[in-house]
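Thanks for coming. Please keep the picture in view.

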Amino acid sequence: MKRANNEATPLYESKMFDIQYRGTSNDLSSVKIYTNKNSFQIENQLSFDSEYKPISSLEYFAGSVLSSILLSLLEQSKKRGSLIEEIEGVLHLSLENPLSMIGVKGYDEEPFIRKMTVTVFLYVDLEDKAFDDFCLNALAKSPIYNTLKRSTELEVLFKKLL
């Protein structure tokens, strides 16, 4: 005997949000990225020149990781009545085989991010267990963190400011 399935099939949009970006290079030396409402230019994957001012691909990437984690915490704080009074984060990134990017003879291994460590400093009035639960629940809402934790060594440390 078969039962009729009365459960509605979930809409694709309730499970998936598709986003598309476009990149072009008219001058063949930089890339312009187009989002839905904005665009930005990137000239280098990474610059080893301390005087270089434009933001590189790796800097955008690291900034995205850090901002996603901080914004997840802030969004969860607002949902719970603005618990966070102050927040700051620091991201440390270890790039393996960087010399192959600039063509140093004898260095031809693929460059990749070996490890990222994010330290978040929070001033929030919560007891230790509630603090840990709040931070971990907020972290679980970061799509960038949830993606990267599956593919690279990514550690997030939470420090409560007293």
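What should the 23 residues of helix α2 (residues 57-79) span, and how far apart are its end C-alpha atoms? At 1.5 Å a residue the span should be 33 Å, and the end C-alpha atoms are 32 Å apart, which agrees. The expected span is 1.5 Å times one less than the number of residues. Helices here are DSSP runs of H or I with at least four residues, strands are runs of E with at least two, and both are numbered from the N terminus.

Before going on, how the values were made. This is a predicted model, where local features need pLDDT of at least 70 and side-chain atom pairs count only at pLDDT 80 or more, while totals for chains, interfaces and linings use all residues. Residues are numbered from 1 along each chain as its sequence is written, and side-chain values use heavy atoms, with hydrogens and water left out.

Back to α2. Its buried residues include L58, A62, V65, L66, I69, L70 and L73. Buried means under 20% relative accessible area, exposed means over 50%, and partly exposed is in between, with a 1.4 Å probe and protein chains only. Among the elements that cover the buried residues of α2 are β4 (84-96), β5 (112-124) and β6 (153-160), along with helices α3 (128-139) and α4 (143-148). Just after α2, G81 has a positive phi of about 95 degrees.

Now the core. The largest nonpolar core has 25 residues. Such a core is a set of buried Ala, Val, Leu, Ile, Met, Phe, Trp, Tyr and Cys residues joined through side-chain atoms within 4.5 Å. Those with the most contacts inside it are I69, L73, V118, V120, L122, V156 and F158. Two or more residues come from each of α2, β4, β5, α3, α4 and β6, and α2 gives the most, with six residues.

Take V120 as an example. Leaving aside neighbours within four places in sequence, V120 is in contact (heavy atoms within 4.5 Å) with residues including I69, L73, I87, V156 and F158.

Next, the rings. The structure holds one aromatic pair. F40 and Y60 form it, tilted, at 4.8 Å centre to centre and 35 degrees between the planes. Rings of Phe, Tyr and Trp (its six-membered ring) pair if their centres lie within 6.5 Å; planes under 30 degrees apart count as stacked, over 60 as edge-to-face, and the rest as tilted. F40 lies in strand β3 (residues 39-42) and Y60 in α2, so the pair ties together parts 20 residues apart in sequence. F40 counts as partly exposed, at 28% relative accessibility.

Last, the charges. There are five salt bridges, each a side-chain nitrogen of Lys or Arg within 4 Å of a carboxyl oxygen of Asp or Glu. One joins E155 and K115 at 3.8 Å, N to O. E155 is in β6 and K115 in β5, so this pair ties together parts 40 residues apart in sequence. K115, E153 and E155 are linked in a salt-bridge network.

Another salt bridge joins K160 and D128, with the closest N and O atoms 3.9 Å apart. That pair links distant parts of the chain, K160 being in β6 and D128 in α3, 32 residues apart.

K129 and D133 also meet in a salt bridge, at 3.0 Å, N to O. They are four residues apart in α3, which means that about one helical turn separates them. K129 is exposed, at 60% relative accessible area, whereas D133 is partly exposed, at 33%.
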